[in-house]
Amino acid sequence: MTSLAVRGGRVLDPSRGVDLVGDVLIVDGRIAAVGPDAGRDAGEAVDASGLLVLPGLVDVHCHLREPGLEHKETIESGTLAAARGGFTTVCCMPNTEPPLDTPAMVRWVRGRAEQVAHVRVLPIACTTRERKGRELADLAELAEAGAVAFSDDGDPVADPALLRHALEYASVLGLPVIEHCEDKLLSAGGVMHEGWVATRLGLRGIPAAAEESAVARALTLAAETGGHLHVAHVSTAGAVALVEAYRARGAPVTAEVTPHHLCLTHEAVMGSGESPGGLAYDTNAKVNPPLRTRADVAACRDGLSRGVIDCIATDHAPHAVEDKLCEFDLAAFGISGLETALALCLSLVHEGRLHLMRLAEAMTIGPVRALGLDRHVPGLGTLAVGAPGDVTVVDLQQEWTVEPERFASKGKNTPLAGRRLRGRVVCTIYGGRKVWQE
Amino acid sequence: MRDDAREQARPTSVREAPAWKREHLLDVDELTPEEIELVMDTADAMREVLSREVPRVPALRGLTVVNLFYEPSTRTRASFELAAKALGADVVNIAAEQSSVKKGESLLDTVRTVEALGAEVLVMRHWQSGAPYLAARHTRLHVVNAGDGSHAHPTQALLDIYTIRRHLGDLRGRKVVIVGDIAHSRVARSNAWGLTALGAQVVLCGPPTLLPAGLRPGTSMDDGEVAMPPVQVEMDLDKAIEGADVVMALRLQRERMAGGVLPSLREYVRLYQINVQRLARARPDALVMHPGPMNEGVEIAPEVARSAQSVIEEQVTNGVAVRMAVLYLLTGGKA
């Protein structure tokens, strides 16, 4: 019997509304007890006095890039980045090379993760064969192989009839279809949000309507079929309103938002004014969906606070240096987000814009409930007795500077470089084992 | 070149230029009104140089100016070349089609190569907005933006301002109407910054599909602190042109029709061409301008382009003097 105690911290378990000062005891990789002095006799202990103790964070949207794009990230480097960011469970997107559109590929990722991953990896499989949007992938077999959801992330299913069939078919399997909602005809050629910053920089815009029209279409299909639609990375006020309207009507819809869409605006592309000529054309702020306006950011925060949006997901999208060190139009979309997600979102708590309990919920039980992950891993996202021994310890007050060159992720692409953040993951425990300690 | 040699090489009428501290010229948005004035004053001196029998001064002797053009351009490239040569610089022209760009060499590789060859000034034209900013961040060269995508064309705006000032003097309160494809126009953007900085009233005019976000009807710029020049938008050209001091037509790219942005050339001509009747609504002495190359009969009627009010050819002539001023200030003006 091995035991590990996290002692004397402020323990939050949003799944049950727990907020107490005490210990979390993990025995043989599972939560054994939570409460004052619960960890008194443990073999090993982590002193969490003055610190925050959460169920291990869960990210339902990240890109681990393996197989095929190992120069950007690997399952090993990506999950170490996850551990450093406080995540003990990550769902990886299937847009690898080859994509995860066959049971063999899903099993390969799970097998690789068993060998090298620092935290739990739950694969998401393709909705359509080769992510081409022409015919459904073998969804039932992908589910049997261990896929927890389906998505053609980045290349949304353009054919509405096919998306409708995917929702119908996936509903029998009890798995969600995750849609990156974007009408590619409306966004064609766009590289940032269509607004005054794009106008000033002379860059082609991606209108809010490109997202909202696709969200509306996907929502109507979910409502009609009863298939579970999970809307990936909501970024506009209009999209939040649409999700809210369909949820109110009882449509089987969940949604996520990224830390960057909660905290950054399209002005990040212009940069801080310290670059030559005052304009940065910061390719590290190039992301899809793009960073939007202040009003959109406010709507996303509000949607998250009120539960219209279920959870926070990083959309961790690591890229190699040369993918970003180029002309803005040519640069890859994406932000390396696993190692800054919690601290960036905590800035909202420090500013009084988001309750700590709601933030904790949106990064633990929120994503688990949104995708139904507890079906695959009972107790995930909680500190209930018998749940996986996944715990994240956070120093809410520690200030630090974002230094991408020190990321565990191979992706150093973040618009937050040099930014001071308050709140840092000091210890991550996965299955009763410390996988990261500062 | 030693400092005293440079002093002797200075065009006689150019004063000391303490206000100029910039390493690069990337857009007009970064320039203060005083800096714009300095470019204007320096351009006056360069005009005087150009009027001499031997229109040359050795102010940039020993320096190499590289014109790196990723987009075809005749007049801008020639204008920069003449400007650099009139200042005694060596000039190397690199057209992207002929260079290793086609072999997949990245922009930064090319820029570093130019630097390693010993050049001091990089004049860069690129079809992608922001490309000169990338170059400027990663090089010791002085970078002059000779037009980047839809973003900026600072020397064009400076020569436009110079031309307007020669005719109208002080720009304060003057009404400048810029007509056409505003959304894709780097000329309109740079002019909007420069003209408003000097106190002119700028009216942008075009069909809604050729107006960018924030300026298009139904789109809002209400987004907290908006850092944009204070321009007005008017989609009706007859209204926009009313009482204008300057009317500037922009080139209409014919591929806009294919994108469904405009119904037809015929309709565009009817609604947005600067013709004699429309020009009559402007002030009687209003200047007619065009950054070139013109589609005569499309955005501008031939008789207007050739009228006494047209300063289109003078824009080209002034372009050399203004570009000389820019090159001089970036390299020598701080000596």
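**Close-up views of a predicted two-chain model**

**View 1. The open sheet of chain B.** In this predicted model, five strands of chain B form an open sheet in the order E7-E6-E5-E8-E9. The pairing is parallel. Strand E7 (232–233) and strand E9 (287–289) of chain B are the edge strands. Each of these two pairs on one side only. In general, strands of a sheet pair through backbone hydrogen bonds, either parallel or antiparallel.

**View 2. Strands E5 and E6 of chain B.** Strand E5 covers residues 175–179 of chain B, and strand E6 covers residues 201–205. The two run parallel. They are joined by 5 bridges. B:Val179 stands opposite B:Cys205 of E6(B).

**View 3. Chain B as a whole.** The chain holds 13 helices and 9 strands. Of its 335 residues, 50% are buried. Take the contacts in chain B between residues at least 6 apart in sequence: 77% of them join residues at least 24 apart.

**View 4. Where chain A meets chain B.** On the chain A side, 24 residues are in contact with 32 residues of chain B. Helix H6 (196–201) and helix H11 (294–305) of chain A each supply at least two residues of the side that touches chain B. H6(A) gives the largest share of that side, 5 residues. By residue type, the side of chain A that touches chain B divides into 11 nonpolar, 8 polar and 5 charged residues.

Note on methods:
Residues numbered from 1 in each chain as written. Chains lettered and ligands numbered in written order. Predicted model: local features only at pLDDT ≥ 70, side-chain atom pairs only at ≥ 80, totals over all residues. Pairing = 2+ DSSP bridges. Helix = DSSP H or I, 4+ residues; strand = E, 2+ residues; numbered from the N terminus. Buried ≥ 20, exposed ≤ 12 C-beta atoms within 10 Å, placed from the backbone. Contact = placed C-beta atoms within 7 Å. Nonpolar A, V, L, I, M, F, W, Y, C, P; charged D, E, K, R; others polar.
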